[in-house]
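Here is a short briefing on the structure shown below. Start with the terms, then take each chain in turn.

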Amino acid sequence: MAAIEANPVLAEQEERAATRRWSVGGIALDLLTIVYFIFALFPLVWMLLLSLKTPDQLFTTYFRFTPTLDSYRAVLGLDASGSVPFVRFFINSLIVSFGAVLISLLVGVPAAYAFARYQFKGGESLLFTLLSFRFAPELMVIIPIYVIYQRIGLFDTHLGLIWVYQLITLPLIVWILRSYFQDLTPELEQSALLDGYSRPQAFVKVALPLVKPGMAAAALLAFIFAWNSFIFPFILTGSNAQTVTVGALSFMGGATPRYNLTAAAALIALIPPLLLALSIQRYLVRGLTFGAVKG
Amino acid sequence: MATLEVRGVRKEFGKLVALDGLDLDVGDGEFFVLLGPSGAGKTTTLKCVAGLETPTAGRVFIGGRDVTDVEPNARRVAMAFENYALYPQETVFDNIAFPLRSKRYYLPPAEAKSLIERVTATLGIGHLLERMPGELSGGQRQRVALARVLVRPADVLLLDEPLSHLDAKLRAAMRAELKSLGELQQTTSLYVTHDYLEALALGDRIAVLRAGKLVQVGTREDLWHRPVDVFVARAFGQPQINLLGGQIEQRDGEAAFVTPDGLVRVPLGPVDLPSGAAVELGVRPRDLVFGEEPGMHPLRGRIYVVEPLGRQREATIQIGSQQIAVVTPFEDLQPDALATVSAPPERLLLFDRDAGQRIPLAMPGGVEETPQWREVEVSGRG
């Protein structure tokens with residue numbers, strides 16, 4: 001540490017940073033940052049406030065009210081009524097999102113590897129087709145899918161949602177991981193081949209461990225997209241396989257919109273992606289491939 | 001243990017022809033060096049032998065068996081890559097043990113451990129086994145890559161510029177070390193380099209490659225004394241061989257080399273070329289001697305510049321419009337002073353100027369010594 005502090009370049013940088021902080025431009029920059037954070041965080045704060053209000057305080061108070069956890073109890077079905085199936089929505093969301101990501105990883109990781117390493121006929125078009133799923137609006141395909149699902153019995157099932165979620169998660173995972181595989185020097189696997197391993201073994205033992213950070217990042221992103229998906233579960237599920245995004249909205253219907261319940265539901269729905277992001281944070285930082293390159 | 005044959009191998013990458021009908025014969029246990037500038041197809045040759053690239057045409061034989069369509073992992077070939085290709089997520093020990101854990105080269109862990117300890121001790125990396133490749137210096141990584149190649153059984157060893165990323169001092173040390181490794185001496189090895197010193201020091205035989213084609217194969221003496229053309233002559237030696245442009249002058253069945261300005265005239269004996277044929281006369285800077293020597297051909301000029309090279313000096317001498325380099329221990333060299341150097345007639349090389357081919361000379365005496373590369377090695381890098 002001492003060596004770092006003694007570094008004249010760093011010291012100078014620190015000094016400059018310190019003077020910048022108190023210059024006019026520095027203060028303006030800080031103000032701008034604060035304004036941005038208010039803009040970005042206020043909706044969240046407002047939702048938290050809403051979720052802590054009673055229904056009659058919803059439209060009469062701003063910041064001064066008696067907080068209560070009644071909304072959370074209602075959403076989680078812990079109060080007297082016990083009729084709200086939000087917990088089931090939550091479990092549905094977990095099942096379909098994890099399911100979709102899992103299948104996308106199983107299919108997408110080998111696909112990404114093949115796209116990165118082998119040139120085959122139609123490879124580029126296939127890759128582009130996969131990407132085009134992402135620019136096509138979901139609404140464009142939702143009606144035919146609805147009809148098809150009704151006919152073949154996938155309507156309102158977990159499997160049906162997991163399947164249709166591949167439109168969201170698979171392109172993401174293939175495209176992100178392909179670039180990770182491309183960054184690996186092929187000589188690592190070539191070396192494994194010469195060391196007596198088969199091509200599949202070289203993939204599993206050498207290439208795969210090196211793209212772990214990429215897999216974590218892609219899987220997390222895919223999970224968030226799947227978790228937040230609204231239009232597919234909205235159209236393609238009934239009461240059985242409904243997800244949190246649709247479930248949270250259901251509180252808004254009826255004669256009196258119960259915003260407090262929607263807010264509580266949305267905040268609860270925030271927890272899994274947040275926990276997931278925190279738990280794999282260390283993988284999100286790239287840096288495992290050092291040493292493979294020339295010294 | 002096996003012979004290696006490459007028969008008419010051609011490799012195209014799209015429109016680019018990387019190898020154009022390459023033929024190689026490497027004997028059992030031979031240390032064979034491929035020398036050439038970058039882009040000559042050296043690495044492509046190795047990859048075709050390893051099976052990592054499929055030749056567009058031609059066959060590869062290892063131990064007499066046609067392996068052209070055999071998967072790389074079934075060829076019993078080991079390769080050290082130019083960029084080492086160490087597995088960054090594994091420790092040094094696990095990297096070296098990697099081949100020994102495969103089905104094909106399996107060794108029980110206890111045996112593998114003792115073997116790895118023996119090999120790494122020889123290479124001086126025994127204390128690094130628990131490190132990750134990212135924590136090693138270039139020289140250490142290179143030894144790890146070498147250890148991984150040496151611990152496993154192999155019919156053919158392929159070494160792709162293993163020393164190229166090391167600094168000059170370490171390279172010289174590793175060169176000597178490579179030579180002393182028994183495993184390398186006994187196993188058929190194909191060694192790729194662009195450094196002529198490595199080629200001369202290590203190769204039982206050397207093949208010079210240019211633009212995907214074989215230019216010349218031979219022992220170090222062949223390549224040094226009898227290069228087939230200007231390209232090979234230039235490839236060996238630092239400073240490069242002197243090439244004086246001029247023409248042939250025939251008189252009474254005896255030919256002479258004459259520069260256009262007439263300042264240099266060197267009798268060559270009988271040469272099968274007409275008068276006026278455009279040629280280049282080659283003589284290596286270390287073969288030239290300061291002063292007039294009996295039995296040698298004097299070249300007279302003016303000293304242009306002198307560069308110290310450790311215990312020797314490299315002088316550039318201006319002869320008319322051409323320059324020649326001389327390496328000499330002679331100390332009293334002043335720029336602009338008149339100087340005479342003598343060229344030993346048996347060391348002269350004559351090339352056709354347009355085709356670049358060497359034209360054989362009838363050498364008086366004809367006593368052939370081993371090339372002067374050992375001296376080159378010591379002082380050239382100093």
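Helices (H or I, at least four residues) and strands (E, at least two) are DSSP runs, numbered from the N terminus. The expected span of a helix is 1.5 Å times one less than its number of residues. This is a predicted model: local features need pLDDT of at least 70, side-chain atom pairs count only at pLDDT 80 or more, and totals for chains, interfaces and linings use all residues. Residues are numbered from 1 along each chain as its sequence is written, while chains are lettered from A and ligands numbered from 1 in the order in which they are written.

**Chain A**
- Chain A has 15 helices and zero strands.
- Helix 5 of chain A covers residues 86-117, 32 residues in total. From first C-alpha to last it reaches 45 Å, close to the expected 46 Å.
- Helix 5 of chain A bends by about 30 degrees at A:Gly108, the bend being the angle between axes fitted to the seven residues ending there and the seven starting there. A proline, A:Pro110, follows within four residues.

**Chain B**
- Chain B has 10 helices and 21 strands.
- Its C-alpha atoms fill a box of roughly 75 × 45 × 40 Å along the principal axes.

**Domains of chain B**
- Chain B splits into domain 1 (4-234) and domain 2 (239-380), with bounds from an automatic or database domain assignment.
- The centres of domain 1 and domain 2 of chain B, taken over C-alpha atoms, are 37 Å apart.
- Their contact (C-beta atoms, placed from the backbone, within 7 Å) takes 14 residues from domain 1 of chain B and 15 residues from domain 2 of chain B.

Key: Two residues are in contact if their C-beta atoms, placed from the backbone, lie within 7 Å.
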